[in-house]
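Subject: Handing over a structure

Dear colleague,

I am passing this structure on to you, and below it I have written up what was found in it. Please read the notes with the model open beside them.

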Amino acid sequence: MTEDGTGLLTIGELARATGLTVRTIRYWSDEGVLPPVTRSTGGYRLYDSAAVARLELIRTLRELGLGLDDVRGVLAGERTVAEVAATHVAALDAQIRSLKVTRAVLSTVARRGSTAEETALMNKLARLSAAERQRIVDDFVEEIFHGLDTADPWIRERTRTLGVALPDDPTPEQVDAWVELAELLQNPDFRAAMRRMIEFNAADRTPDTPAGASAMFFKRLVELAGAARERGVTPRSPEADAVLTELLGADTDRAAVLRRIDLGNEVARYRELAAVIKGEQEPPRFQEEFGWVVEALKAWPGR
């Protein structure tokens with residue numbers, strides 16, 4: 001209580017009661033979060049006892065990182081502490097994700113000894129939002145599927161979702177993989193190879209062909225080739241010829257099949273990168289089976 005018996009406190013007395021500095025209290029008062037109840041005849045700001053509790057709340061909210069606009073909203077009853085806290089948690093989560101990406105990028109730069117140009121590109125690509133990463137993929141998908149309405153929708157969806165979701169806490173290897181994948185998706189040669197694959201798929205289908213038929217073929221390929229590999233069958237052995245017949249039929253143009261599935265190292269790399277981004281320790285199992293079938297088709301081209 002002040003010496004004049006009014007029960008009001010000067011800024012100095014309020015500072016001593018709360019342990020805050022006069023400068024801080026004056027600043028918060030100027031910003032409208034702690035208005036004085038009146039002024040003395042000499043023009044000095046005076047505060048009531050409720051200002052002590054109000055100051056404690058302001059200090060707590062500020063220590064938690066809330067801005068003065070949020071503090072003002074809570075004190076005015078426009079927003080609850082819980083609402084402001086939830087908003088702030090979301091903002092902190094975004095900051096944490098950004099810091100984790102920064103750490104991963106710097107770890108990659110340190111490991112690779114990247115140039116300034118490589119570092120700038122890596123940082124730019126790694127910091128793309130999920131929506132921006134999806135746009136890169138969607139643009140790629142639109143180009144390779146454009147005009148091919150009979151292509152299997154299963155392949156379209158699989159291509160659209162493969163390797164997009166960079167984790168919130170990416171490892172340097174995942175950042176590396178995403179950067180390489182983003183560059184690969186924009187590579188004209190890779191796009192041309194993938195376009196040829198989709199053209200082959202569309203040519204084999206009619207409007208009545210069920211979605212997912214391609215998945216069934218891939219599954220059968222993996223099963224037959226995988227079983228052959230487990231038995232120790234090499235692509236050049238006569239038994240490999242029999243496996244191809246079981247997979248493709250006796251009258252299939254094997255040279256045409258080879259052109260459709262032998263898409264080069266870039267496609268294999270695409271699958272490897274997607275596996276790394278998804279956190280898979282090993283490359284997709286079907287990659288080895290596809291390689292086995294490609295070599296078998298080269299060794300046994302049919303008649």
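Arg205 is buried, with a relative accessible area of 11% (buried means under 20% relative accessible area, exposed over 50%, and partly exposed in between, with a 1.4 Å probe and protein chains only). Before going further, please note that this is a predicted model, in which local features need pLDDT of at least 70 and side-chain atom pairs count only at pLDDT 80 or more, while totals for chains, interfaces and linings use all residues. Residues are numbered from 1 along each chain as its sequence is written, and side-chain values use heavy atoms, with hydrogens and water left out.

To return to Arg205, this residue lies in the loop between H10 and helix H11 (213-230), where helices (H or I, at least four residues) and strands (E, at least two) are DSSP runs numbered from the N terminus. Its side chain reaches the backbone oxygen of Thr150 at 2.7 Å and that of Thr209 at 3.2 Å. Leaving aside residues up to four places away in sequence, Arg205 touches Thr150, Ala151, Asp152, Pro153, Pro210, Ala211 and Ala213 (contact means heavy atoms within 4.5 Å).

Turning to the aromatic residues, a search of the whole structure finds six aromatic pairs; rings of Phe, Tyr and Trp (its six-membered ring) pair if their centres lie within 6.5 Å, and planes under 30 degrees apart count as stacked, over 60 as edge-to-face and the rest as tilted. One of these pairs is formed by Phe140 and Phe190, which are stacked at 5.6 Å centre to centre with 10° between the planes. Phe140 lies in helix H7 (residues 130-145) and Phe190 in helix H10 (residues 188-203), so this pair ties together parts that are 50 residues apart in sequence. Phe140 counts as buried at 0% relative accessibility, and Phe190 counts as buried at 0% as well. Elsewhere, Trp154, Phe217, Phe218 and Phe290 form one aromatic cluster.

Helix H2 (residues 22-30) has Ile25, Trp28 and Ser29 as its buried residues. Seen down the axis of H2, these fall within an arc of 105°, so they line one face of the helix (the arc is that of the directions from the helix axis to the C-beta atoms). They pack against helix H1 (11-18), strand E2 (45-46), helix H3 (50-63) and helix H4 (68-75), whereas the face of H2 turned away from its buried side carries the exposed residues Arg23 and Asp30. After H2 comes Gly32, whose phi is positive, near 85°.

Finally, the search of the whole structure finds 19 salt bridges, a salt bridge being a side-chain nitrogen of Lys or Arg within 4 Å of a carboxyl oxygen of Asp or Glu. Among them is the one between Arg229 and Glu289, whose closest N and O atoms are 3.3 Å apart. Arg229 lies in helix H11 and Glu289 in helix H15 (residues 285-299), so the pair ties together parts that are 60 residues apart in sequence. Arg229 counts as partly exposed at 36% relative accessibility, while Glu289 counts as buried at 2%. Arg59 forms a salt bridge with Glu56, with the closest N and O atoms 2.8 Å apart, and these two residues of helix H3, being three residues apart, are separated by about one helical turn.

Conventions: A polar contact is a pair of N or O atoms within 3.5 Å; within protein, one must be able to donate a hydrogen and the other to accept it, and residues adjacent in sequence count only if both atoms are side-chain atoms.
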